[in-house]
There are 2 protein chains.
Amino acid sequence: MSNNQFKKGELYSFITGKASTAIGRRLQKHFKQASIEITIEQWSVLYHLWKEDGLSQQQLCDATFRDKPSITRLVDNLEKLKLVKRNASKEDRRINMIVLTDEGRELEEKCMALANTTLNEALHGVTHGQIEIAKEVLQMVYDNLK
Amino acid sequence: MSNNQFKKGELYSFITGKASTAIGRRLQKHFKQASIEITIEQWSVLYHLWKEDGLSQQQLCDATFRDKPSITRLVDNLEKLKLVKRNASKEDRRINMIVLTDEGRELEEKCMALANTTLNEALHGVTHGQIEIAKEVLQMVYDNLK
DNA sequence: GACATATAGTTGTTTATGCAACTAAACAAA
DNA sequence: TTTGTTTAGTTGCATAAACAACTATATGTC
């Protein structure tokens, strides 16, 4: 029962996610133009800390769909950039609470504005209804595979 | 004029492409289960060679949305695996024609079947109409940013 | 309390990405 | 033919991903 509606080239771009790759690159470009020297991967971690500061590395794994070594190294690099700090938890000494520095907090406004700009560029000419359906489909895809 | 229809968390997953990440990981898993020892990135190059053998590295860059160094190294690794070969072009000595080996050609059927299986898993419960709109939106996003 | 197991995080290895700087061949203009 | 420019591909570097193997702490069970 292999009767999905994808022709060959479409199958390719759906699997490889060329649209989201393009969005990521555009966002990265905007960061660079604004002299914000972080990667989109680092942004994706900061994003969750801006929503809720003081997450553990494990919580960041779950939030960003990465494994533990990936988060270890992203946090390493964010620490080098002095944007976050590892605070050992007092209740459970296994846990590092990742907290934003002042410098990390200061990036939020600019970065989120650039993310919104990027999305508006990406969705130029796409109707509200189309966006709603696309979001729904991508969520279903994610749920089907998780 | 920042009035797109994305709430915070949705913005995140649209930009980071968690759906396509999940599809890629699932396909990789299927390859592994079938003892096909290639990465999805390598698959993405083979995919275009299966459609048309003997592409130049530059053509592979355009087809896979990668820069030249990325293709140089993917071809390096595919050559190590003996799935492709670099043939210097006789008309233009700058160009490497990348051609499939017998072994590389043999992978096509299995890999494409696994790609289709993966997509069917991903799209379980999604209607034809929804898929069409999602494809359209992703194509528009890509066109807007390229 | 002691032992097994689960959880949180780190380190090592291979593969891949993007950017900058580079070499070599082709082409175009004088 | 010489000089400058474009095109194709490679190399070096920093960042990141996935997997396996590891350490340290916490927890559950006898």
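Modeller: A:Gln42 places a polar side-chain atom 3.2 Å from a phosphate oxygen of DNA strand D.

Biologist: What makes the pair of A:Gln42 and the phosphate oxygen a polar contact?

Modeller: The term means a pair of N or O atoms within 3.5 Å; within protein, one must be able to donate a hydrogen and the other to accept it, and residues adjacent in sequence count only if both atoms are side-chain atoms. At 3.2 Å, the A:Gln42 pair therefore qualifies. A side-chain N or O atom of A:Arg94 sits 3.4 Å from a base oxygen of DNA strand D.

Biologist: How should I read the names and limits?

Modeller: Residues count from 1 along each chain as its sequence is written, while chains are lettered from A and ligands numbered from 1 in the order written. The model is predicted: local features need pLDDT of at least 70, side-chain atom pairs need pLDDT 80 or more, totals for chains, interfaces and linings use all residues, and side-chain values use heavy atoms, without hydrogens and water.

Biologist: How many residues surround DNA strand D, and what makes a residue near?

Modeller: A residue is near a strand if one of its heavy atoms lies within 4 Å of it. By that test, 26 residues surround DNA strand D, with A:Thr39, A:Arg66, A:Asn77, B:Gln57 and B:Gln58 closest.

Biologist: Which element gives the most to the surface near DNA strand D?

Modeller: α5(A), with five residues. Helices are DSSP runs (H or I, at least four residues), as are strands (E, at least two), numbered from the N terminus.

Biologist: What about DNA strand C?

Modeller: It is surrounded by 26 residues; the closest are A:Arg25, A:Arg73, B:Thr39, B:Arg66 and B:Asn77. Sugar and phosphate make up 59% of its atoms within 4 Å of the protein. The side chain of A:Arg73 has an N or O atom 2.5 Å from a base nitrogen. B:Arg73 has a polar side-chain atom 3.3 Å from a base oxygen. A:Thr72 brings a side-chain N or O atom within 2.8 Å of a phosphate oxygen. The largest share of this surface, five residues, comes from α5(B).

Biologist: How do you know that the two copies are related as by a two-fold rotation axis?

Modeller: Copies are superposed by least squares on C-alpha atoms of residues with pLDDT of at least 70 in both. Chain A is laid on chain B by a turn of 180° and a shift of 0.0 Å along the axis, with an RMSD of 0.0 Å. The copies are thus related as by a two-fold axis. Within chain A, A:Ala134 comes closest to that axis, its C-alpha at 2.3 Å. Of the contact residues of chain A, 100% recur in chain B.

Biologist: Why is A:Thr101 called buried?

Modeller: Buried means under 20% relative accessible area, exposed over 50%, partly exposed in between (1.4 Å probe, protein chains only). A:Thr101 has 17%, so it is buried. Its place is the loop between β3 (96-100) and α6 (102-122) of chain A. Leaving aside neighbours within four places in sequence, A:Thr101 is in contact (heavy atoms within 4.5 Å) with A:Lys82, A:Leu83, A:Val84 and A:Lys85.
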